[in-house]
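Q: Could you take me through this structure feature by feature, giving the general idea before the particular case?

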Amino acid sequence: MAIHFNEQTKIFHITTEKTSYAFCIAEHGVLEHLYYGKRIAGDDLKYIGNRQIYAFHAHESRDSRKFSAASVGLEVSVFNSGDFRTPSLVYDYEGNLDCNRLRYRSHQIYKGRKPIEGLPYSRENAETETLEVVLSDDENKVELTLFYVVYPSEDVIARSQVIKNTGDGVMTVQKAASMSLDFYGMEFDTITLEGMYLYERAQISRAPLKRGVFQNNSLTGISSHNRNPFIALCAHNTDEDIGEAYGFNLLYSSNFSEEVSVSNLGDTRLIMGLDHTGFCWTLRAGESLASPEAVMTYSDQGLGGMSRNFHDHIRRNIIEREYAFIPRPIVINSWEASYFSVTEELMLSLAKQALDCGADTVVLDDGWFRASTKTGLGDWRTDKQRFPAGLKGLSEKIHGMGLKFGIWIEPEMVNADSALYRTHPDWVLSTSKQPLISRCQYILDLTREEVVNYIADRITEELQGVQLEYIKWDFNRYATEAGSFVTPQGEVYHRQMLGTYKLLSILKTRFPVLFETCSGGGGRFDLGMLYYSPQIWTSDNTDPYARVYIQYGTSLAYPTSCISCHFTKGECTSGRKSSYEFRYRVAEFGSYGYELDLSEFSAEEKAVFKGYSEEYRKDEDLNLNGDLYRLISPESDKFCAYMKVSKDKNKAKLTFLELNATGLYETIVLRLRGLDPNTAYKNEATGEILHGSTLMNAGIRIGDLFGKKRSDGYAVTFTAVEK
Ligand code: DGJ
């Protein structure tokens, strides 16, 4: 069992293969956090709890000043209950904030897990176990259930909570985090993924923790291009391979918040969950509110170890099992090939090109129902002039060529210039007479069930009979003034997300194909979306030199198979030229495809591209189920290097990229990672045979390798030849 409860000490000890998480039922039924980190024995850890006496701290007992909620580690902290640190829960009952000390009542430990109604969550596997702890206030008006779901092999614990109004009155929740985690001490760096449109997650922002509150959040209505729900806490000396790293992420795709606060005592608290700005949720008698799920992992193998834990968890337990480990489509997508001027003729030409370059799926992006951003969203009527055979006819022709077909949609949106908006101006997510507009569109009010059903039915009708294998689901603006004519203001953002997940579920049931999500590039790259779509469009920036940073940053939290990457003209966002080889080397990092009009290229060039598709397929297993070892961060602005190694360590691929071609050939000896030290490997480029221990310690020389230009990037495969 991964979860142990010691009746004598009242300690819960949750173990994964390499980690331990411990808390206890302390004085007065308070849930006291004791430890999270490297696996330890199930000893009585109570000595670790802070029982010092501090002026101004309040106590439960008139006889003893030994216990104060303000000084001990807590599993949950309610505002106005004697703890002065950042709270994880803020609520009132009939307007009163008193009477909110939540105490242990009961717990249960069981195999498997319960789903979280309406929200994405880590899927159960054969090892999954759950600890459920129920707390309530003294008058039993409020009940809080904490869930700890354990994934032993991946060293991941998933946390969530449900708050319930068990009294007769009305309760209002102003903050309901998914988890709270206390550490004694503050010797951490925070790491977050900062960015912006065309530079999503490209800035790995690392800073030592200071006293005060550090916040990583989004207020855009999506997880956003600017910030990502992933956050790490690590020791100051942690690097890729060595040192302690705690990783956290949220299965949620809208406004989120992570607060890392350091108290006056120098202790650290991490709170993560729904962003509480403007949040106010009413619970009437018997009603409850479930939080999104937070996942956490720990590794003493540096940031690389932390990432690999998350990669395994995401592939094994978050992505739909049906898609997680099977080869992904190699798409050829119409967007960068023709933007809005896409026609049936162009699609059929792309289909021919797909055959030439080894793509297997032809994707009709935006433009099939409109010629610009101005109209069409919400109405979803195929432009019959440009698509005379309709979508059905086109899909049949494409299938007739032995290819698969995919289509782009943006179901959450409506154009201002649309029949839908003219008929239902109250169906958008704003109550303003003239709502703020972005990209000529508004967000539909998906807090309303009739809107969810309408849009699901309209899209279903339009796609009826179309032979589809892939759907790209986009979202191209941020929420502003988000309000609803029917939903209370404080509930709008979260109910909107619940409506979106509902819409995704409905359309996924009606169209059981691979969904790729997207949001103006990579504006909604999060675990919530990965629950529904095994891969996400990473960025509209397809210049490979910029993409290296974007993809590298993204890999801190997400496995390469989720990171959708296309070979394009390369210069569309930057004007910068790049060689084919370099573009391919960067794009094969994730799930590979094409996004350009190949009719301009010669037969020889297309043959080169076909070779790329074949190479990608040959090595795709490393993306789907390999381990990623990052060797050189592009933050050096000179080089980037990484390795993908199969789980059995029999195959590895090293990629080395030069970001700033100086023409100089400085000496670089690169020590490889992740190999079996006792196995000999054949360098497939040179035929040379060297042991894993040699390759990982003496390293390999990067120079004018194998007669190729260094500025084109290198990839070298190593294959185990003997044990
Ligand atoms: C933004 C996406 O990132 C692009 O790939 C493309 O689908 C456009 N939207 C279409 O409007």
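Q: How many salt bridges does a search of the whole structure find?
A: Side chains of opposite charge can pair when their charged atoms come close. In this predicted model, a search of the whole structure finds 57 salt bridges. One of them joins the side chains of Arg-105 and Asp-138, with an N to O distance of 3.7 Å. Because Arg-105 belongs to strand β6 (residues 103-111) and Asp-138 to the loop between β7 and β8, this pair ties together parts that are 33 residues apart in sequence.

Q: Are Arg-105 and Asp-138 buried or exposed?
A: Burial is read from relative accessible area, with buried meaning under 20%, exposed meaning over 50%, and partly exposed lying in between. Arg-105 has a relative accessible area of 40% and is therefore partly exposed, while Asp-138, at 57%, counts as exposed.

Q: Which residue forms a salt bridge with Asp-383, and which with Arg-422?
A: Asp-383 pairs with Arg-386, their closest N and O atoms being 2.9 Å apart, and Arg-386 counts as buried at 16% relative accessibility. Arg-422 pairs with Asp-417, where the closest N and O atoms are 2.9 Å apart; here Arg-422 counts as exposed at 55%, and Asp-417 as partly exposed at 39%.

Q: Which residues are linked with Glu-588 in a network of salt bridges?
A: Charged side chains may be linked in a network, and the one that includes Glu-588 also holds Glu-581, Arg-585, Glu-615, Lys-618, Asp-619, Asp-621, Lys-651 and Lys-653. Glu-588 sits in the loop between α11 (580-587) and β30 (591-595), and at 8% relative accessibility this residue counts as buried. Its side chain makes a polar contact of 2.8 Å with that of Lys-653. Once neighbours within four places in sequence are set aside, the contacts of Glu-588 include Tyr-616, Asn-623, Lys-644, Thr-655 and Ala-715.

Q: How should I read the pairing of strands, and what does β8 pair with?
A: Look at the sense of the pairing, the number of bridges and the residues that stand opposite each other. Strand β7 (residues 129-136) pairs with β8 in the antiparallel sense over eight bridges, and Val-133 stands opposite Leu-146 in β8. On the other hand, β8 and strand β9 (residues 156-165) are antiparallel over 10 bridges, with Val-156 in β9 as the bridge partner of Tyr-151. Nine of the 10 residues of β8 (residues 142-151) are buried, so this strand is largely enclosed by the rest of the structure.

Q: Where do positive phi angles occur in these hairpins?
A: The hairpin of β7 and β8 has five residues between the strands, and there Asn-140 takes a positive phi near 55°. In the hairpin of β8 and β9, with four residues between the strands, Asp-155 takes a positive phi near 55°.

Q: Which way do the residues of β5 point?
A: Leu-89, Tyr-91 and Tyr-93 point one way from β5, whereas Val-90 and Asp-92 point the other way, and all are buried. β5 pairs with strand β10 (residues 171-183) in the antiparallel sense over five bridges, and the bridge partner of Leu-89 in β10 is Ala-176.

Q: Which residues make a nonpolar surface patch?
A: Tyr-47, Ile-48 and Tyr-184 make a nonpolar surface patch of about 320 Å². Ile-48 lies in the loop between β4 (31-38) and β5 (89-93), and is partly exposed, with a relative accessible area of 33%.

Technical notes
Residues numbered from 1 in each chain as written. Predicted model: local features only at pLDDT ≥ 70, side-chain atom pairs only at ≥ 80, totals over all residues. Heavy atoms only, no water. Patch = residues over 30% accessible without salt bridge, like charges linked within 9 Å, V, L, I, M, F, W, Y side chains within 5 Å. Areas by Shrake-Rupley, 256 points an atom, 1.4 Å probe, with all protein chains shown as cover. Salt bridge = Lys/Arg side-chain N within 4 Å of Asp/Glu carboxyl O. Helix = DSSP H or I, 4+ residues; strand = E, 2+ residues; numbered from the N terminus. Buried < 20%, exposed > 50% of the residue type's maximum accessible area, 1.4 Å probe, protein only. Polar contact = N/O pair within 3.5 Å; in protein donor to acceptor, adjacent residues only side chain to side chain. Contact = heavy atoms within 4.5 Å. Pairing = 2+ DSSP bridges.
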